[in-house]
Amino acid sequence: MTGAFPSPYGGQVPVLRIGDVLLVTLQGDLHDGTAEQLQQDVSEAAADSRVKGVVIDLSGVEMVDSFLGRVLSDIAAKTRLLAAETVVAGMRPAVAITLVELGLTLPGLRTALSSDEALRLLGEASISPRHGRTRQESP
Amino acid sequence: MQTAGGVSACLPIHSDLDLVWVRQHVRQAAAQLGFGLVAQTKLVTAASELARNTLVHGGGGQMACAPVSRGGVPGLRLAFSDEGPGIPDLEQALRDGYTSGEGLGMGLGGARRLVHEFAIDSRPGSGTTVTVTSWVSGPPRPREEK
């Protein structure tokens with residue numbers, strides 16, 4: 001089964017560190033194995049280097065099923081124990097609609113419309129944790 | 001191997017990678033039949049849940065994909081079959097939150113909400129076939145109960 005299609009994500013998803021935030025950009029169709037590997041990589045990266053947040057950019061993802069939903073929830077739960085917050089950014093409307101009908105509301109995951117906004121959210125959270133939830137329009 | 005762009009196909013489900021092929025095929029087929037983006041996404045997500053059930057609980061199997069038509073409305077029918085142990089209690093298996101494995105327990109019940117028609121044929125010991133159908137412009141008749 002090799003070579004017929006360009007290989008869908010068989011490898012690893014890079015986990016980038018920007019300042020004290022980890023940025024993960026998912027794209028295309030993820031193998032279950034790749035998603036599990038990612039979960040491990042993010043937990044390890046969050047434990048190794050003190051980070052205050054993890055941003056997972058889903059703007060390139062066409063589908064989130066219950067498996068990937070569980071992976072995202074697990075990442076959020078693990079990073080929370082390591083004192084970091086996970087923000088899911090850029091979920092496509094069709095994906096969001098489908099997730100709700102599927103029955104997954106992903107409790108515990110914060111969301112943002114874009115990675116940019118997610119980074120700002122995490123930045124605000126560190127300055128004034130109580131008001132981290134308010135959304136502010138950029139000038 | 002199906003030809004590119006074909007809707008009818010029978011795909012094996014024996015590994016992680018096969019789940020990716022199933023999703024890609026269903027997306028292409030749905031797009032080709034004229035499903036909108038949200039409808040495509042729902043169908044692909046349902047296919048992913050059902051194919052994973054076939055793989056994890058049924059020990060592998062296959063998906064048959066075929067175009068259908070009723071009253072001039074085109075649709076897509078997907079049948080996932082395995083020769084696994086079968087489902088002893090269907091009511092229970094369809095309930096949200098029920099899981100026999102390590103998932104979230106949303107697979108079967110969730111997939112049912114994402115399609116227009118849903119049927120399960122399962123008997124202990126003789127495998128399971130789940131058949132789902134969605135129509136391009138909504139179900140051509142009133143929605144059933146549940």
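Predicted model: local features only at pLDDT ≥ 70, side-chain atom pairs only at ≥ 80, totals over all residues.
**Entry 1: confidence**

I began with the scores of the model, which are ipTM 0.82 and pTM 0.83. I then looked up each chain. Chain A has a mean pLDDT of 83, and 81% of its residues reach 70 or more. For chain B the mean pLDDT is 85, with 83% of the residues at 70 or more.

Where in chain A does the pLDDT fall below 50? I found it below 50 over residues 1-9 of chain A, a stretch with 11 contacts beyond near neighbours in sequence. I noted that it is also under 50 over residues 128-139 of chain A, where the model has 3 contacts beyond four places in sequence.

**Entry 2: the sheet of chain A**

I traced the strands of chain A next. Strands of a sheet pair through backbone hydrogen bonds, either parallel or antiparallel. In chain A, 5 strands form an open sheet with mixed pairing, and I read their order as β1-β2-β3-β4-β5. The edges are taken by β1 (15-18) and β5 (110-112) of chain A. Each of these has a single partner strand, so one side of each has no neighbour in the sheet.

I looked at one pair in detail. Strand β2 (residues 21-27) and strand β3 (residues 53-60) of chain A run parallel and are joined by 6 bridges. In this pair I found Thr25(A) opposite Asp57(A) of β3(A).

**Entry 3: helices on the sheet**

Which strands does helix α1 of chain A lie across? I found that α1 (residues 32-48) lies across β1, β2 and β3 of chain A, and that it runs at about 170 degrees to β2(A). Helix α2 (residues 66-81) of chain A also packs on the sheet, where it touches β3 and β4 (85-89) of chain A. The direction of this helix makes about 150 degrees with that of β4(A).

**Entry 4: where the chains touch**

I turned to the contact between the chains. Here 22 residues of chain A are in contact with 25 residues of chain B. On the chain B side, two or more residues each come from α1 (16-33), α2 (37-56) and α4 (107-114). Of these, α2(B) gives the most, with 9 residues. I sorted the chain B side by class and got 10 nonpolar, 8 polar and 7 charged residues.

**Entry 5: α2(B) against a helix of chain A**

Two packed helices are described by the angle between their axes and the distance between the axes. Helix α3 (residues 93-102) of chain A packs with α2(B) at an angle of about 45 degrees, and the axes are 9 Å apart. These two helices are therefore oblique to each other. I noted their crossing as right-handed.

On the α3(A) side I listed Ala94(A), Val95(A), Ile97(A), Thr98(A), Glu101(A) and Leu102(A). They meet Leu37(B), Val38(B), Thr41(B), Lys42(B) and Thr45(B) in α2(B). By class, this contact of α3(A) with α2(B) has 6 nonpolar, 3 polar and 2 charged residues.

**Entry 6: α2(B) within its own chain**

Last, I looked up α2(B) and α4(B), which pack at about 150 degrees with their axes 9 Å apart. They are therefore roughly antiparallel, and the crossing is left-handed. Among the contact residues of α2(B) are Lys42(B) and Thr45(B), both of which I had also listed in the contact with α3(A). The α4(B) side includes Leu108(B), Ala111(B) and Leu114(B). By class, I recorded 5 nonpolar, 4 polar and 3 charged residues in the contact of α2(B) with α4(B).

How values were computed:
Residues numbered from 1 in each chain as written. Chains lettered and ligands numbered in written order. Contact = placed C-beta atoms within 7 Å. Helix = DSSP H or I, 4+ residues; strand = E, 2+ residues; numbered from the N terminus. Nonpolar A, V, L, I, M, F, W, Y, C, P; charged D, E, K, R; others polar. Pairing = 2+ DSSP bridges. Axes fitted to C-alpha atoms, helices over the stretch in contact; angles between N-to-C directions. pLDDT = per-residue confidence, 0-100. Parallel < 35°, antiparallel > 145°, perpendicular 65-115°, else oblique. Left-handed = near helix turned anticlockwise from the far one by under 90°.
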